[in-house]
Amino acid sequence: MSSEPVEQCDVAVVGGGILGLAVARELSARRPQASICVLERERELGTHQTGHNSGVIHAGVYYVPGSLKAQLCVAGARELYEYCERKGIASERCGKVIVATDRSELERLDELERRGRANGVPGLRRIDADGIAELEPHATGIDGLHSPGTGIADFPAVALAYAGDVQEAGGSIATGCEVRGISVNGRALRISHSRGVTEARNAVFCAGAWADRLAVEAGADPDPRIVPFRGAYLRLRPERRGLVRSLIYPVPDPSLPFLGVHLTKHIDGEVLVGPTALMAGARDAYRLSRVRRRDVTDTLAWPGTWRMLARWWRTGITELSHAAMRSAFVRAAARYVPELRSEDVEPSFAGVRAQALARDGKLVDDFVFSHTERALHVRNAPSPAATSSLAIARYVAHEAERAFA
Ligand SMILES: Cc1cc2nc3c(=O)[nH]c(=O)nc-3n(C[C@H](O)[C@H](O)[C@H](O)COP(=O)(O)OP(=O)(O)OC[C@H]3O[C@@H](n4cnc5c(N)ncnc54)[C@H](O)[C@@H]3O)c2cc1C
């Protein structure tokens, strides 16, 4: 699938994850005359966040009404189901239940219901304890929300299909091509990479966990910085998969919406439990032991890191216990599925979340896009960016057309 990196093109898209490929696809479809090339660091496409996540097509329940996440998730989910159907990619509207296990969570559940309705989440309904048991016979809770439009998909296959569309439209994709330097050279951007130099009239950067570094290299503000959080999963042993029919989620804390162990059926039939969320020693810390000096220095030298830690150290300790002790991790999940025992699970894969952290210590929640000369940068694209990829691509292409005109 990979070709030689081109020496010149109209638009270079840096990053061959689901977003970079979706953006390249959208640009190729809008401007068939333009030459588009994708430059990806790894040998394969979609190897980072795109290939290491929960695989859930979110319906848009959680997000603040009016935010980019809310707008782009609801539209993106609808388009993604249609795309998967058209391309024969595995996906399933299996539905999800969000479960409140005690009364202290009810106010937050009310707020989620309000947000979900404001965002136009299809089919969202409140359910009681019997309703939860009907949908998920092994789960318990006192109140809940059912989102029948939430589902699962094979995101790596989606990314590869986007890549196929780019190539069919005449675009090129070069892998093993790490971008190392960016400068403006008259009427073009000079992008130096591990396989030479590409001169592009414009560029869109979708570099996930490395987004801040490339943005700063292109002249952008260092705020926000990416801080990597490792998310490890367990999986149910095959004979215990019957404990979960579809997707079981906790009521999230609105200040830390990405936290909370969930139980999710995966498109390949496995049932995942997780993920944990532990600040990591590398932006590619798929192994816990992987530590990169530059990544650690970047995290520790950022004032936002210390401000975040001062605020959230208690939560950090809970997450640490989930990561260190399987029994604590399983206990957190057993709040929702009480029959779950440590013997029912085995270790699975880990992903690394590219979390943008502001200088003031706030975890940036919404999608963030910014500009430098001749370039547009995706600075924060956490979950549900895989779900929203087609809608984000449309948004980015529209912004790019305005900025590059
Ligand atoms: C644990 C976890 C669970 C998640 N669960 C879900 C979910 O259920 N549903 C959902 O919608 N989303 C989920 N997400 C979020 C989703 O996976 C991401 O939002 C999405 O994959 C982002 O895509 P991306 O293309 O921006 O990033 P990535 O897939 O990380 O791609 C970025 C690419 O840029 C490349 N790159 C970086 N630097 C350079 C360089 N210098 N030169 C060239 N290339 C470079 C990288 O190699 C990489 O391929 C989850 C994420 C994690 C981590």
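This is a predicted model: local features need pLDDT of at least 70, side-chain atom pairs count only at pLDDT 80 or more; totals for chains, interfaces and linings use all residues.

Analyst: The angle between H2 (residues 68-87) and H5 (residues 155-168) is about 75°, and their axes lie 11 Å apart. Who does the touching? On the H2 side, the contact uses Leu-80, Tyr-83, Cys-84 and Lys-87. H5 brings Phe-155, Val-158, Ala-161, Tyr-162 and Asp-165. Sort the residues of this contact by class and you get 7 nonpolar and 2 charged, with no polar ones.

Now for the ligand. It has 38 residues around it, and Glu-40, Thr-50, Val-56, Ala-381 and Thr-387 are the closest. By class, that shell holds 19 nonpolar, 14 polar and 5 charged residues. Some polar atoms can be picked out too. Glu-40 has a side-chain N or O atom 2.7 Å from an oxygen atom of the ligand. With Leu-19, a backbone N or O atom is 3.0 Å from a ligand oxygen. Ser-383 places a polar side-chain atom 3.4 Å from a nitrogen atom of the ligand. On its own the ligand has 1,000 Å² of accessible area, and the protein covers 98% of that. As for which elements give two or more residues to the shell, they are helix H1 (18-30) and strand S18 (345-357).

How values were computed:
Residues are numbered from 1 along each chain as its sequence is written. Side-chain values use heavy atoms; hydrogens and water are left out. Axes are lines fitted to C-alpha atoms, for helices over the stretch in contact, and angles run from 0 to 180 degrees between N-to-C directions. Helices (H or I, at least four residues) and strands (E, at least two) are DSSP runs, numbered from the N terminus. Contact means heavy atoms within 4.5 Å. Ala, Val, Leu, Ile, Met, Phe, Trp, Tyr, Cys and Pro count as nonpolar, Asp, Glu, Lys and Arg as charged, and the others, Gly among them, as polar. A residue is near a molecule or strand if one of its heavy atoms lies within 4 Å of it. A polar contact is a pair of N or O atoms within 3.5 Å; within protein, one must be able to donate a hydrogen and the other to accept it, and residues adjacent in sequence count only if both atoms are side-chain atoms. Accessible areas come from the Shrake-Rupley method with a 1.4 Å probe; for residues, only the protein chains shown count as cover.
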